[in-house]
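Hello,

Here is the structure I promised to pass on to you. Please have a look at it first, and then read my notes below.

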Amino acid sequence: MPALPEYLTRALLESEGVPVVPGVMLTSAPATVAGFPVFLKAQIPGATSRKSAGLVRRIDSPAELGAVLPDLLSRDRCEGVLAAEALDIELELYAGVVFDAGSSSALPGGRLLFSLAGGSGIEARAGSLTEIRFPLSSPPSPGTLAASLPDAPWRASAADLLAGMARTFCRYRLLVLEANPLAVLRGDGRVLVVDCRAEFEDRAVRNGEEALFGTASARAGDSTRLERMVDAFNRSDPAGTAFFRQNRGAPAPGAVRVATNLCGGGGKMLWEMAVGGRDDIFALNESDTSGGLSAFKSYRFLRAVLAQEDADLLLFTGSGMAFQSQLNIAAAIWKALRESPCVVPVMVRFGGTDEDKARAMFERLSGSLRAPVRTYPSEVFPNAMVDSIRGFLEDAGAASPVPPSCPPGGTPAFEVAVPPGRFHVDGARCAECRERPCLGACPTHFLAWAEGCGPAKAEGQRCTGCLMCEAACLLDGSAGLFIELEMPEVE
Amino acid sequence: MAGILGHLAGIDDPGVVVFGITGKQGQSTTRVMTGYGTRVLAGVTPGKGGQEVDGIPVFDSCADAVSAVPGLNSAVFFVPAGAVLQATREASAAGIRFMVHTADGVASHDAALMREMSVEGGFRIVGPNTVGMLDTSGCLFGLIGGGASWARKNYLSGCVGIISRSGGLSQLLGAFHCRPHLPGPLPGGGYGELWGDTGPGVSAVICVGGDPVPGTTLLEAALAFEADPRTKVIAGYGETGTSQENELAEAVAGGRITKPVVLFLGGRFTEAGVSQSHAGAMIRCEAETWAAKHEALVAAGVTVVDRPDAVFGSVAGVLGLV
């Protein structure tokens, strides 16, 4: 789960009126602060045990500040340094709020945790936690919380703070919100948050609140370039979700490196059980698609899968049977294979609506591919496909170069915005086309025929991004239609 | 029609309103549902009240639809993830008692609030992130089958109740129990035909979805099949994350589920703490691991298989077909 660094968590808490230790964020050196001593705390997303890692330092003088600040700012992924006032603390407490998914017999909600044992040492605290469950629709009030706190001078202040934490947790739909320690100040008994962190779901970040949760690159953490690419087109084309995670491990010597695609959520598990525990097959990635992806988006996803280096094979299978048209997916696979610079043998299984037609269409289309292809019926499961990998690679012939029928370039004849695509029409080829199969293949009558030019955009109709027109054009027409599907640029 | 919905939500005669009916997926899936036999009586799209989709009247709000169309008690939603919670509130306030949420990417807090609302309000939610539910007595809610004729051809009446956290495996486990002469691993070893011209068929398919907070859990779906007289065997797909399989094991061990259960359990090699394509499959504690669930299920008497095609042979064995 993405984690929020302290300074962003403080901002969330402050928006709900939760008191935090006064501090200022320093993003460059040299810098000055109002007074000493202060604690300098490097702000690095996901960093834990900051004290022992030297990321939290007490500073007593301007000279010390000048010496330490540049070092902290130079740490990897450091977003700045928080200079927080050093306080006269009487007592350190612990508080956290965590999401509880519930069960068949218990409602989901929040769990507020509190302990008199704040500061470092989670093990010592585990036995002393007070737990207060609450429904997300009604976070606990200070009065309710006060009844669960010890009778101490700071009780009311702590109850206010805990109630503010619960409100913050609910307002921003966090999974974890932790304040450790909470400081009870000597003298007035006020309670403040000294240090804090949060975890959240990307899906819970509302439009307009993205900046509160840090930069996209920080949220991405250790994401690879291709993972960020998939994330980028998930955001720009939100219909349906593509999940893509590359394997951080290393293949065993001699292992077949397999790029996988469109396995489905259950299929991801199925695939894992087919290759897990064996060292002769190395899955380069996990993948999943869910929801109503267009073929345009499936194509983009497959291009990312095929962009993985050193793949020996592409294995495509749905998780079982998909509700999405397998014909559309067949067209997406064909197009991605045709346009990807990566040419590797391909194993494909279709499962779901029109699976037999999809398989037949893909086999016809595969004649235009450079890569050797083997298709499977839906009754052949991924485990059986995996078992046949070695044999297939031994039997597969060499790749053959085939020039694309209509390379992209120039000004497109027309475009669609959602899902995004540019239609190029080779007028000379289309003028000779008598069958005009692209028109019949379009399920929404988005295409009309412009005499002497070829397919054009029909007024009032929309493109669903199914790619059936382009596939039909190649199979039964003049190969004059090409849909350019741009891949997002990522850092 | 007294189908699985009667046991899930106390509804014997579902009348459906489709939220987002004028959108691309709403329109196409409504055709699948009506083509399968589902009584879709109304649609809701704010700002498009007064229109029709395939003769189905569209209203600006669910309250308007319920006022104008008698018999509405169920809803299928094709709305963006961020709008799901509000749509649930609207449907609940209008008196809808069964809801299917297909959206992926619903925030866990929203799903939790929906679950809270449904339990306290006495209505039933399936999803989010589900392909829906299909009853072979002629009712389809959501996306299962992809096409009406495909669904009719591939999902035939029978005695197997399907529960699953995966859309693809929901559909596969349902359809393959209906395929004639299906080959697969035999219970006693070897590989061969599991049945002849007629498979065991399915009573219904319930996909509970892959999210951390399902509106209906695997156990609740299984209990509906336990009460369904058509169902002789419960078969399905479970995985790591959440406590759903653990609860199912407890229910089988405790005698709340007495019908045989066959489960393909995924995630044997899933690492704890790593995000999964199913958000609900992420392992957050020891009890959510494959090993812990496997142990609990086997100890309870559930037949747990490690490959999906082994489900069919196990079911055939239970039914005495092989």
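**What I found**

Thr464(A) sits in the loop that runs between strand S22 (454-457) and H16 of chain A. Please keep in mind that this is a predicted model. With a relative accessibility of 18%, Thr464(A) falls under the 20% limit and therefore counts as buried. Apart from neighbours within four places in sequence, Thr464(A) touches Ser294(A), Pro419(A), Pro443(A) and Thr444(A), and also Lys24(B) from chain B.

Now a step back to chain A as a whole. Chain A holds 16 helices and 23 strands. Its 491 residues include 53% that count as buried. Taken along the principal axes, the C-alpha atoms of chain A fill a box of roughly 90 × 50 × 45 Å. If you take the contacts in chain A between residues at least 6 apart in sequence, 70% of them join residues at least 24 apart.

Next, the helix pairs, and H16 again. Two packed helices are described by the angle between their axes and the distance between the axes. Helix H10 (residues 326-339) of chain A and helix H16 (residues 468-476) of chain A have axes that come within 9 Å and cross at roughly 70 degrees. An angle from 65 to 115 degrees counts as roughly perpendicular, so H10(A) and H16(A) are roughly perpendicular to each other. Their crossing is left-handed. On the H10(A) side, the contact is made by Leu327(A), Asn328(A), Ala331(A), Trp334(A), Lys335(A), Arg338(A) and Glu339(A), and H16(A) brings Met468(A), Glu470(A), Ala471(A) and Leu474(A). By class, the residues in this contact of H10(A) with H16(A) are 6 nonpolar, 1 polar and 4 charged.

H10(A) also packs against H9(A). The axes of H9(A) and H10(A) come within 8 Å, crossing at roughly 40 degrees, which means that H9(A) is oblique to H10(A). This crossing of H9(A) and H10(A) is right-handed. From H9(A), the residues Ala295(A), Ser298(A), Tyr299(A), Leu302(A), Arg303(A) and Leu306(A) meet Asn328(A), Ala332(A), Ile333(A), Lys335(A), Ala336(A), Leu337(A) and Glu339(A) of H10(A). The contact of H9(A) with H10(A) has 8 nonpolar, 2 polar and 3 charged residues.

H9(A) has a further partner in H7(A). Helix H7 (residues 225-236) of chain A and helix H9 (residues 295-306) of chain A have axes that come within 10 Å and cross at roughly 170 degrees. Angles over 145 degrees count as roughly antiparallel, so that is how H7(A) lies relative to H9(A). Here Leu226(A), Met229(A), Val230(A), Phe233(A) and Asn234(A) of H7(A) meet Lys297(A), Arg300(A), Phe301(A) and Ala304(A) of H9(A). This contact of H7(A) with H9(A) divides into 6 nonpolar, 1 polar and 2 charged residues.

One residue of H10 deserves a look of its own. Gln326(A) has its place in helix H10 of chain A, and its relative accessibility of 1% makes it buried. Setting aside neighbours within four places in sequence, Gln326(A) is in contact with Phe350(A), Gly351(A), Gly352(A), Thr353(A), Asp354(A), Glu355(A) and Ala358(A).

Over in chain B, have a look at His109(B), which lies in helix H5 (residues 108-121) of chain B. His109(B) has a relative accessibility of 2% and so counts as buried. Its contacts, leaving aside neighbours within four places in sequence, are with Phe99(A), Leu136(A), Phe169(A), Cys170(A), Arg173(A) and Leu174(A).

Last, the cysteines. How many disulfides does a search of the whole structure find? Over all chains, the count is 0. Cys463(A) is in no disulfide, and the nearest cysteine sulfur, that of Cys469(A), is 6.6 Å away. Cys463(A) is buried, with a relative accessible area of 12%. Cys139(B) is likewise in no disulfide, and its nearest cysteine sulfur, that of Cys207(B), is 16 Å away. With a relative accessible area of 4%, Cys139(B) is buried.

Best wishes

Methods:
Residues are numbered from 1 along each chain as its sequence is written. Chains are lettered from A and ligands numbered from 1 in the order in which they are written. This is a predicted model: local features need pLDDT of at least 70, side-chain atom pairs count only at pLDDT 80 or more; totals for chains, interfaces and linings use all residues. Side-chain values use heavy atoms; hydrogens and water are left out. Axes are lines fitted to C-alpha atoms, for helices over the stretch in contact, and angles run from 0 to 180 degrees between N-to-C directions. Helices (H or I, at least four residues) and strands (E, at least two) are DSSP runs, numbered from the N terminus. Angles under 35 degrees count as roughly parallel, over 145 as roughly antiparallel, 65 to 115 as roughly perpendicular and the rest as oblique. A crossing is left-handed if the near helix is turned anticlockwise from the far one by less than a right angle, and right-handed if clockwise. Contact means heavy atoms within 4.5 Å. Ala, Val, Leu, Ile, Met, Phe, Trp, Tyr, Cys and Pro count as nonpolar, Asp, Glu, Lys and Arg as charged, and the others, Gly among them, as polar. Buried means under 20% relative accessible area, exposed over 50%, partly exposed in between (1.4 Å probe, protein chains only). A disulfide is a pair of cysteine sulfur atoms within 2.5 Å.
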